Amino acid sequence: MPHRGQESTDGTGDGELAVPMAWLYAEYIADELLRSGDLMPTTSFEFRAGRDALALTVFLSDTDCELSGIRVITQLETWLSLTAYDQPWQEWVHQRLADLTADAATAAATAAGRPTADPDLELARSAWRWLRETELLAPDLNAVPGGAAGAGEDEGPKVWTPAWQLGLPLGHLAIHLF
């Protein structure tokens, strides 16, 4: 399913509305993975953080621009490795967005002087901006063990955490549970 740079599928010719099919598909995959894990309410900010982190992983790891339904299963291991705790996911996202931006600029320059915005890339950048700039209140996992933590889930030390730091492990767990 080719989805980037194809005028017949994204509607960028003759002033038509460009449809961000690649991003929407990545977001759908992420949403389904998280829903199947049933880890939290779908209306929560944590769910959104997980969905956006997973959607970025899915979208940015699709280097062949041909993510199709059958390939989703074959990509699970790749997504697991990209979202693993010891991986530099934030740097990887930054680099892949920079690479895609450079590719889009080159494509626009060769398109007979017609500057065209990539709607998929714009939505990916927007999701990354939200994940970086939004902070969510989360349990402080670095708190001193045996401290004055309460017995309940909502008790204990909390810390404001960038949304991507909460969403990434959630997405990783959802892939494991799939």
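**Figure 1. An exposed aspartate between two helices.** Asp 38 is exposed, with 64% relative accessible area. The model shown here and in every other figure is predicted. Asp 38 sits in the loop that links α2 and α3. Its backbone has a positive phi of about 50°. Asp 38 has this value although it is not a glycine.

**Figure 2. The whole chain, for orientation.** The chain contains 7 helices and 2 strands. Read from the N terminus, the order of elements is α-α-α-α-α-α-β-β-α. The chain has 178 residues, and 39% of them count as buried. Now take the contacts between residues at least 6 apart in sequence. Of these, 71% join residues at least 24 apart.

**Figure 3. Helix α2 against helix α3.** Two packed helices are described by the angle between their axes and the distance between the axes. Here α2 covers residues 21-37 and α3 covers residues 45-61. They pack at an angle of about 130°, and their axes are 8 Å apart. That angle makes α2 oblique to α3. The crossing of the two helices is right-handed. On the α2 side, the residues in contact include Ala 22, Trp 23, Ala 26, Ile 29 and Leu 33. On the α3 side, they include Phe 47, Gly 50, Leu 54, Val 58 and Phe 59. Sorted by class, the contact of α2 with α3 has 13 nonpolar, 1 polar and 5 charged residues.

Figure 4. Is Asp 31 buried or exposed? Its relative accessibility is 13%, so Asp 31 counts as buried, the cut-off being under 20%. Asp 31 belongs to helix α2. Leaving out residues up to four places away in sequence, Asp 31 touches Phe 47 and Arg 51. Both of these partners are among the α3 residues that contact α2.

**Figure 5. Helix α2 against helix α7.** Helix α2 also packs with α7, at an angle of about 70°. The axes of α2 and α7 are 8 Å apart. The angle makes α2 roughly perpendicular to α7. From α2, the contact uses Leu 33, Leu 34 and Gly 37. From α7, it uses Leu 170, Gly 171, Ala 174, Ile 175 and Leu 177. By class, the contact of α2 with α7 has 6 nonpolar, 2 polar and no charged residues. Leu 33 and Leu 34 also belong to the contact of α2 with α3.

**Figure 6. The largest nonpolar core.** In soluble globular proteins, nonpolar side chains tend to be buried together. The largest nonpolar core in this model has 37 residues. Which residues have the most contacts inside this core? They are Leu 56, Phe 59, Trp 79, Trp 89, Trp 128 and Leu 131. The largest share, 9 residues, comes from α3.

**Figure 7. The surroundings of Trp 89.** Trp 89 is one of the core residues with the most contacts. Neighbours within four places in sequence are left aside here. Trp 89 is then in contact with Ala 53, Leu 56 and Thr 57, among others. Its contacts also include Leu 82 and Thr 83. Further along the chain, they include Trp 128, Leu 131, Trp 164 and Leu 168.

Figure 8. Thr 83 is found in helix α4, and His 172 in helix α7. Thr 83 is buried, with a relative accessible area of 3%. His 172 is buried too, at 18%. Apart from its neighbours within four places in sequence, Thr 83 contacts Thr 57, Trp 89, Leu 168, His 172 and Ile 175. With such neighbours again left aside, His 172 contacts Leu 80, Thr 83 and Ala 84. Thr 83 and Leu 170 are 87 residues apart along the chain. Their C-alpha atoms are separated by 9.4 Å.

Figure 9. Ala 117 lies in the loop that joins α5 and α6. Ala 117 is exposed, with a relative accessible area of 57%. Along the chain, Ala 117 and Ala 18 are 99 residues apart. The distance between their C-alpha atoms is 8.7 Å.

Key: Residues are numbered from 1 along each chain as its sequence is written. This is a predicted model: local features need pLDDT of at least 70, side-chain atom pairs count only at pLDDT 80 or more; totals for chains, interfaces and linings use all residues. Side-chain values use heavy atoms; hydrogens and water are left out. Axes are lines fitted to C-alpha atoms, for helices over the stretch in contact, and angles run from 0 to 180 degrees between N-to-C directions. Helices (H or I, at least four residues) and strands (E, at least two) are DSSP runs, numbered from the N terminus. Angles under 35 degrees count as roughly parallel, over 145 as roughly antiparallel, 65 to 115 as roughly perpendicular and the rest as oblique. A crossing is left-handed if the near helix is turned anticlockwise from the far one by less than a right angle, and right-handed if clockwise. Contact means heavy atoms within 4.5 Å. Ala, Val, Leu, Ile, Met, Phe, Trp, Tyr, Cys and Pro count as nonpolar, Asp, Glu, Lys and Arg as charged, and the others, Gly among them, as polar. Buried means under 20% relative accessible area, exposed over 50%, partly exposed in between (1.4 Å probe, protein chains only). A nonpolar core is a set of buried Ala, Val, Leu, Ile, Met, Phe, Trp, Tyr and Cys residues joined through side-chain atoms within 4.5 Å.
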